Amino acid sequence: MGLRRLTDEQRGQWRDEGYFLIKGALARDQAAGYLAAADEVIERYRAERPKVREQRAFTIIQMVEQSPAFDSLLDHPGTFGIILDLMGPYLQVMGTQIYVRYPSADRLSGWHTDAGPSLQQIRVEPESLPLNFKIQYFLTDIPEEDHANFCVVPGSHHVLFPKEGFSNGREPEGAIQICAEAGDAAIFPHNLWHGVAPHWGEEVRRSVTLRYGQMWCRPYDYEKAPDAVLARMTARQRRLMGDMGPDYTATDYFKPHDQLETILAGLE
């Protein structure tokens, strides 16, 4: 798979609707490999936490620390060029997660924006670089609605989320459910209204997300990944996980710009 870059159509959808879907971001065999790794982590996680077994939906944070199989997602050529085109080179990974969604007649996640009520109120200019965004890789097929679909309200990143939220089955006007195949990936910013549909099917839905943010932002899951995790990674992956090296200073916020072409060349 070659290096992908942001298209004009994707940039326009990002500006106007606040998200877009990358079809085939991962090859089918790659998606299957990540799914197998996720299932190993999920099995271990559930065995260690009996109460989790009763939950219809749960999230496992610090995914990269759970298994080295996910290291290659940090700068995967199917998405990383697009990520750099959207955010610029001064970025780091803010958090990594595995999502697990079992069959349920009720919504598996209510409507919300990420990172709480403070960040919820921050909306950048349409042509501005984003503060942070998530990329969600779907590891199982979701060919129809009401099968734990990722749901969004296109254009809602331009509007404040209502203080009263949405309850008693209320749905935001214009909400849609995204159908996807294993290997597709959705990118969306912190303030896009989103949630998870009920799951009337039988298969357990699994997906993984990585959040990228501007380098000066505080990571969600950790200040820096543990040394044992960083030791197995490439130099670029270590930097994405917060390790700028022993001589790091504030001026290093400017250095990644010089590495941009190197980053992209390494993926081609």
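## Exercises on a predicted model

The structure holds 0 disulfides, a disulfide being a pair of cysteine sulfur atoms within 2.5 Å. The model is predicted, so that local features need pLDDT of at least 70 and side-chain atom pairs count only at pLDDT 80 or more, whereas totals for chains, interfaces and linings use all residues. Residues are numbered from 1 along each chain as its sequence is written, and side-chain values use heavy atoms, with hydrogens and water left out.

**Exercise 1. Find the nearest cysteine sulfur to that of Cys-151, and decide whether Cys-151 is buried or exposed.**

Step 1. Cys-151 is in no disulfide, and the nearest cysteine sulfur, which belongs to Cys-179, is 9.7 Å away. A disulfide is a covalent bond between the sulfur atoms of two cysteines.

Step 2. A residue is called buried under 20% relative accessible area, exposed over 50%, and partly exposed in between, with a 1.4 Å probe and protein chains only. Cys-151 has a relative accessible area of 0% and is therefore buried, and Cys-217, at 15%, counts as buried too.

**Exercise 2. Classify the ring pair of Trp-14 and Phe-133, and state which elements it ties together.**

Step 1. Rings of Phe, Tyr and Trp (its six-membered ring) pair if their centres lie within 6.5 Å; planes under 30 degrees apart count as stacked, over 60 as edge-to-face and the rest as tilted. By this rule the count comes to 10 aromatic pairs.

Step 2. For Trp-14 and Phe-133 the centres are 5.6 Å apart and the planes stand at 80 degrees, which makes the pair edge-to-face.

Step 3. Helices (H or I, at least four residues) and strands (E, at least two) are DSSP runs, numbered from the N terminus. Trp-14 lies in helix α1 (residues 8–17) and Phe-133 in strand β5 (residues 132–138), so the pair ties together parts that are 119 residues apart in sequence.

Step 4. Trp-14 is buried at a relative accessible area of 11%, and Phe-133 is buried at 0%. Ring pairs also link Trp-14, Phe-20, Phe-133 and Tyr-212 into a cluster.

**Exercise 3. Describe the geometry of the rings of Phe-166 and Trp-193, and say where in the chain they lie.**

Step 1. The ring centres of Phe-166 and Trp-193 are 5.8 Å apart with the planes at 55 degrees, so the pair is tilted.

Step 2. Phe-166 sits in the loop between β6 (150–152) and β7 (176–178), while Trp-193 sits in the loop between β8 (185–189) and β9 (194–196), 27 residues apart. Trp-193 is buried, with a relative accessible area of 9%.

**Exercise 4. Work out which strands pair with β10, and how many residues of β10 are buried.**

Step 1. Two strands pair if DSSP finds at least two bridges between them. β3 and β10 pair in the antiparallel sense over 10 bridges, with Thr-96 having Leu-210 in β10 as its bridge partner.

Step 2. β5 and β10 also pair in the antiparallel sense, over 7 bridges, and here Lys-134 stands opposite Arg-211 in β10.

Step 3. In strand β10 (residues 205–214), 10 of the 10 residues are buried, so β10 is largely enclosed by the rest of the structure.

Step 4. Strand β3 (residues 91–101) is also joined to β2 by 5 bridges, and these two run antiparallel; Ile-60 stands opposite Ile-98 in β3. Strand β2 (residues 57–61) has a covered face, Phe-58 and Ile-60, and an uncovered one, Ala-57, Thr-59 and Ile-61.

**Exercise 5. Locate the largest pocket and the largest cavity by the residues nearest their centres.**

Step 1. On a 1 Å grid over the protein atoms alone, a cavity is a set of points where a 1.4 Å probe fits but cannot get out, and a pocket is an open set with protein on both sides within 12 Å along at least five of seven lines; lining residues have an atom within 4 Å of a point. Grid points are joined across faces, edges and corners, and a volume is the space filled by probe spheres set on the points.

Step 2. The largest pocket holds about 150 Å³ of space. Of its 14 lining residues, Tyr-99, Arg-101, Ser-109, His-112 and Val-196 lie nearest the centre, and the largest share of the lining, 3 residues, comes from β9.

Step 3. The search of the whole structure finds 1 cavity of 30 Å³ or more. The largest cavity has a volume of about 160 Å³, and of the 15 residues that line it, Trp-14, Val-124, Glu-125, His-157 and Pro-189 are the closest to its centre.
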